[in-house]
Amino acid sequence: MGRNRRLPRNTDFWDSAQRNKLEYIYYANRLEELAISMFEWKNLPDSVDERFLEKCLFGDGMCVFFEDEVMGFLALRTMIGGLLDVYQIPTQRTAYSSNGYHRMLDETNSILIFNNMIHTNSVMECDLFAKRLWDMDSTVEVNAKAQKTPVLISCDETQRLTLENVYMQYTGNKPVIYADKQLNPNSLKVLNTGAPFVADKIYTLKTQIWNEALTSLGIANTSFQKKERLISDEVTRSQGGTIAARYSRLNARRQACDKINKMFGLNVEVDFRADYREMNDELMYSGQTEDKEIKSMTESGTDSLERAVSDSE
């Protein structure tokens, strides 16, 4: 009996699947990192982890703030249940942690913190954008690889060796290729497998999708491209959707802060982290641009040079 011969495994499919998975995870992680680092919590008790609080809001859309007799104030994941109040807020909450900690709470000793005004998480929209961005990256890569176009030559088996030698001369950049009389050009068929280069257009579309993702999170971005320099009014108008998305998440957190401070006597605040672009825009709108500083430095330098020349004369 002959031994079972194992066919060589084609790893191209599995390598491609692994690469696709890594590209999706890359964009999903980037969007999550941006989403959970947008807000700055102030005057939080030391026992409350700001990062974990934001991760709960990102993944679950809510968390519960309460005071534990041993550990102090905590902000943990929660399961909601029980009856609803007149504003459809659950009255029963169960705080829990991955180490087995859990505690039954209600509206008299805890406050629910929601991610936005419609009480949903952000992981679903980030997952959607991550898949779209991964798809654009894959399309760009496929189109770029398609530019390495192989030439498909159909010929008789008797002429294969001759054509291989001819192609070696072709790839060697020979200006003249010689063939013998046995080569029949009429029996040759050449198929060009080339594809049009559209990777630059796909990359532009990918940039637009990325800016759309930032807008949905409330992060400032340039949502449209313009060759000329944007004026301040165009910049302000283009950020309308960004500011609106930002207010939904920010107001939900501020409402929770007001309730926490009222129930526990704290002074917790939350605000959107300052954007360097926004700080530069404020300077620009107030007329305090860096160009003026550079101009004043240039003028003072010119005056000093003129004085030095006059003194030497």
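1. Two strands count as paired if DSSP finds at least two bridges between them. Strands (E, at least two residues) and helices (H or I, at least four) are themselves DSSP runs, numbered from the N terminus. With that in hand, here is the open sheet: five strands in the order β5-β4-β3-β2-β6, with antiparallel pairing. β5 (102–106) and β6 (110–114) stand at its edges with a single partner strand each, so one side of each is left without a neighbour in the sheet. Neighbouring strands here are turned by 35° against each other on average, direction ignored; axes are lines fitted to C-alpha atoms, for helices over the stretch in contact, and angles run from 0 to 180 degrees between N-to-C directions.

2. A word on what you are looking at. This is a predicted model, in which local features need pLDDT of at least 70 and side-chain atom pairs count only at pLDDT 80 or more, while totals for chains, interfaces and linings use all residues. Residues are numbered from 1 along each chain as its sequence is written, and side-chain values use heavy atoms, with hydrogens and water left out.

3. Which strand does β4 pair with over five bridges? The partner of β4 (residues 90–96) is β5, in the antiparallel sense. Within this pairing, Thr94 stands opposite Met104 in β5.

4. Two helices meet the sheet. α7 packs on it, touching β2, β3 and β6, and the direction of α7 makes about 170° with that of β6; contact means heavy atoms within 4.5 Å. Helix α2 (residues 50–60) lies across β2 (62–68), β3 (72–84) and β6, and runs at about 25° to β3.

5. Now look at β1 (residues 39–42) and β9 (residues 269–272), which pair in the antiparallel sense over four bridges. Trp41 stands opposite Val270 in β9, and Lys42 stands opposite Glu269. In a regular strand the side chains alternate between the two faces of the sheet. Buried means under 20% relative accessible area, exposed over 50%, and partly exposed in between (1.4 Å probe, protein chains only). In β1, Phe39 and Trp41 form the covered face, and Glu40 and Lys42 the uncovered one.

6. Helix α5 is worth a check of its length.

7. What lies just after α5? There you will find Gly218, with a positive phi of about 90°. The backbone oxygen of Gly218 is reached by the side chain of Arg246 at 3.0 Å. That is a polar contact, meaning a pair of N or O atoms within 3.5 Å; within protein, one must be able to donate a hydrogen and the other to accept it, and residues adjacent in sequence count only if both atoms are side-chain atoms. Arg246 belongs to helix α7 (residues 240–264) and is buried, with a relative accessible area of 10%.

8. Is Leu31 buried or exposed? Leu31, in helix α1 (residues 12–36), is buried, with a relative accessible area of 0%. Leaving aside neighbours within four places in sequence, Leu31 is in contact with Cys126, Phe129, Ala130, Trp210, Ala213 and Leu217. One of these, Ala130, is 99 residues from Leu31 in sequence and 7.8 Å away in space, C-alpha to C-alpha.

9. On the cysteines: a disulfide is taken as a pair of cysteine sulfur atoms within 2.5 Å. By this rule the count comes to zero disulfides. For Cys56, the nearest cysteine sulfur is that of Cys63, 5.5 Å away. Cys56 is buried at 2% relative accessible area, and Cys257 is buried at 3%.

10. Finally, two loop residues to look up. Asn43, in the loop between β1 and α2, has a positive phi near 65° although it is a residue other than glycine; Asn43 is partly exposed, at 48% relative accessible area. Gln88, in the loop between β3 and β4, has a positive phi near 60° and is exposed, at 62%.
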